[in-house]
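The following is a set of questions and answers on one protein model. Please look at the sequence and coordinates before reading on.

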Amino acid sequence: MDGMVIYNPFHSIGLYSVFDADIIRAADVYTGGFNAEYGDRISSIMDITTRDGNKKRIAGKVSANTFTAKALLEGPLKKEKEDQEGSSSFLLTVKNSYLDKTSKSLYNNLDSAGLPYSFTDVYGKLSFNSSSGSKVNLFGFRFEDNVDYNEATNLHWTSSGFGSNFLLVPSGSSVLIDGNFAYLGYKIRFKEPDGRDRYSEIRGFNTGLNFSYFLGKDELKYGLELLGFKTDY
């Protein structure tokens, strides 16, 4: 997502992903035979790109159902105008599940204790655009999931990170330069009645720099990518 590696894109109940559909600009799915920029992957890939916040006015959205509630707020930091160079905007979205509470009344014929699933997703983005087409994005996220089986088993995971990507459009040149940097971590914790604390964790970073040359109708693209990570099982 936006150049960041997401280690767990789904919540435990299986019905919800960590991605908010209202902020997605594009989603590319590769089931195999993907390009060189995904060369170290061994399975299918979903490449998610989020959109920028509204550049002209403050806008928002609030929605709720029996399982979840969501709020989105966006707007300009510097308004986009025809006679003004550049613009900047922000985007913030929060999604929360209360299925563990509402299910006690909705599904009491199955289990009077309810369904023990809950999660919270937060994503924020700042976008800075120049009149030449160059841009810089700063973003961060925190996804959290919890499954609590009434003093029997507790499963809890968190995924969080921050990063930046940019696009440079040099004046009078046929080359585009883009790059990204991200740092993120994922930790899953498992508890049982014996009191032992079991967990696994991975933290790391990825950064890359790409060049795209346009030669008439042809395009030549190459780049570099660097990844580093640390695991604790």
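This is a predicted model: local features need pLDDT of at least 70, side-chain atom pairs count only at pLDDT 80 or more; totals for chains, interfaces and linings use all residues.

Residues are numbered from 1 along each chain as its sequence is written, and side-chain values use heavy atoms, with hydrogens and water left out.

Q: Which pattern does the protein chain follow along the sequence?
A: Helices (H or I, at least four residues) and strands (E, at least two) are DSSP runs, numbered from the N terminus. The protein chain has one helix and 11 strands. Read in sequence order, the pattern is β-β-β-β-β-α-β-β-β-β-β-β.

Q: How many bridges join strand 7 to strand 8?
A: Two strands pair if DSSP finds at least two bridges between them. Leucine 138 has serine 164 in strand 8 as its bridge partner. Strand 7 (residues 135–148) and strand 8 (residues 154–168) run antiparallel, and the number of bridges joining them is 14.

Q: Is aspartate 52 buried or exposed?
A: Aspartate 52 sits in the loop between strand 2 (45–50) and strand 3 (59–64). Buried means under 20% relative accessible area, exposed over 50%, and partly exposed in between (1.4 Å probe, protein chains only). Because its relative accessible area is 13%, aspartate 52 is buried.

Q: Which residue forms a salt bridge with aspartate 52?
A: A salt bridge is a side-chain nitrogen of Lys or Arg within 4 Å of a carboxyl oxygen of Asp or Glu. The closest N and O atoms of the pair are 2.8 Å apart, and the partner of aspartate 52 is lysine 135. Lysine 135 lies in strand 7, so the pair ties together parts that are 83 residues apart in sequence.

Q: What is the length of the polar contact that joins the side chains of aspartate 52 and serine 127?
A: A polar contact is a pair of N or O atoms within 3.5 Å; within protein, one must be able to donate a hydrogen and the other to accept it, and residues adjacent in sequence count only if both atoms are side-chain atoms. The side chains of aspartate 52 and lysine 125 are joined by one of 3.3 Å. For aspartate 52 and serine 127 the value is 3.1 Å.

Q: How many residues apart in sequence are the parts tied together by lysine 70 and aspartate 20?
A: Lysine 70 and aspartate 20 form a salt bridge, with closest N and O atoms 3.2 Å apart. Lysine 70 lies in strand 4 and aspartate 20 in the segment before strand 1 (24–30), so the separation is 50 residues.

Q: Is leucine 73 buried or partly exposed?
A: Leucine 73 lies in strand 4 (residues 68–78). Because its relative accessibility is 41%, leucine 73 counts as partly exposed.
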